[in-house]
Amino acid sequence: MVTTLITGSSRGIGFGLVTEALKAGHKVFAVARNTASLKKLKDEFPDRLLPIELDISQPGGVEKLAGEIAKHGTLDILVNNAGMMTQGESAKDLADSFWVNATVPFLLTKALLPVLKKSSSPRVAQISTMMSSIADNTSGGYYAYRSSKSALNMLTKSLTIDHPTVSFALIHPGWVKTDMGGENAPTEIADSVRGIFKVISAMSLKTSGQFVNFKGDALPW
Ligand SMILES: NC(=O)c1ccc[n+]([C@@H]2O[C@H](COP(=O)([O-])OP(=O)(O)OC[C@H]3O[C@@H](n4cnc5c(N)ncnc54)[C@H](OP(=O)(O)O)[C@@H]3O)[C@@H](O)[C@H]2O)c1
């Protein structure tokens, strides 16, 4: 059975990905600061859904989570989905954004590499954004969000080179109708997660290091 860990599982794209992975028969570690919203899904999939209530952005959070997963043995897919967006431009806005959007996913990936490498097809999907693309930035603004996600892209590119037995992908989910994406977003959560899941399912060592959208189209760096 494929084992998948998804961060930011409480709502939005993360919650959608948990649902999609369960429907596909995966065993799912759903990590969230508050797992209350997962209760109904847990009733539906009592054996395969393992909610983990933990704040990975707090000191020690990553280590605690890696310890929990190590007890289970193997992990096939890690989805670093938890993320924050602010239009603020203060030092704190930048520090918080880099921490949540780049540093924590990087540290969590590194901490889970030993269990991932026990899988026959280890995959790490980083939920990035088109807004991280330097080549595509024609509208400015969003300094903290854009640059922290660009940092995630660069960290992941280096991981791709240094860990050639693991497949990595940076995936833009589309502009999605979530708390972050807002009401005017053209993409429904269900369509985004179906696409992301298809991209993740097709990931291989040959595709490692790809930066794509939820339809699988390559994006400019
Ligand atoms: N929506 C879009 O249009 C869009 C476009 C491009 C990329 N993305 C990316 O897609 C991912 C998911 O976004 P979404 O639209 O689903 O956003 P969302 O609805 O705002 O959900 C964000 C998720 O991340 C978690 N999270 C936020 N800050 C956290 C922190 N400090 N520590 C731990 N968890 C934290 C939230 O947990 P709580 O419930 O505990 O707050 C929640 O589960 C993000 O990485 C985002 O950058 C979204």
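Seven strands make up an open sheet in the order E3-E2-E1-E4-E5-E6-E7, with parallel pairing (two strands pair if DSSP finds at least two bridges between them; helices, H or I with at least four residues, and strands, E with at least two, are DSSP runs numbered from the N terminus). Strand E3 (49-53) and E7 stand at the edges with a single partner strand each, so one side of each is left without a neighbour in the sheet. From one strand to the next the twist averages 20°.

This is a predicted model, in which local features need pLDDT of at least 70 and side-chain atom pairs count only at pLDDT 80 or more, while totals for chains, interfaces and linings use all residues. Residues are numbered from 1 along each chain as its sequence is written.

Strand E2 (residues 27-32) pairs with E3 in the parallel sense over five bridges, and Val 31 stands opposite Ile 52 in E3.

| Helix | Strands touched | Angle between directions |
|---|---|---|
| H1 (residues 12-23) | E1 (3-7), E2, E3, E4 (77-80) and E5 | about 165° with E1 |
| H5 | E5, E6 and E7 | about 160° with E6 |

Helix H5 (residues 143-162) has 20 residues, which at 1.5 Å a residue should span 28 Å, and its end C-alpha atoms are 29 Å apart, which agrees; the expected span is 1.5 Å times one less than the number of residues. Among the buried residues of H5 are Ala 144, Tyr 145, Leu 152 and Leu 155, where buried means that 20 or more other C-beta atoms, placed from the backbone, lie within 10 Å of a residue's own, exposed means 12 or fewer, and partly exposed lies in between. The buried residues of H5 pack against helix H4 (91-116), strand E5 (123-127), strand E6 (167-172) and strand E7 (210-213).

Around the ligand there are 29 residues, of which Gly 8, Gly 12, Gly 83, Thr 178 and Gly 181 come nearest (a residue is near if its C-beta atom, placed from the backbone, lies within 6 Å). H1 gives the most to this shell, with three residues.

Ala 202 belongs to helix H6 (residues 189-202) and is partly exposed, because 13 other C-beta atoms lie within 10 Å.

Notes. Contact = placed C-beta atoms within 7 Å. Axes fitted to C-alpha atoms, helices over the stretch in contact; angles between N-to-C directions.
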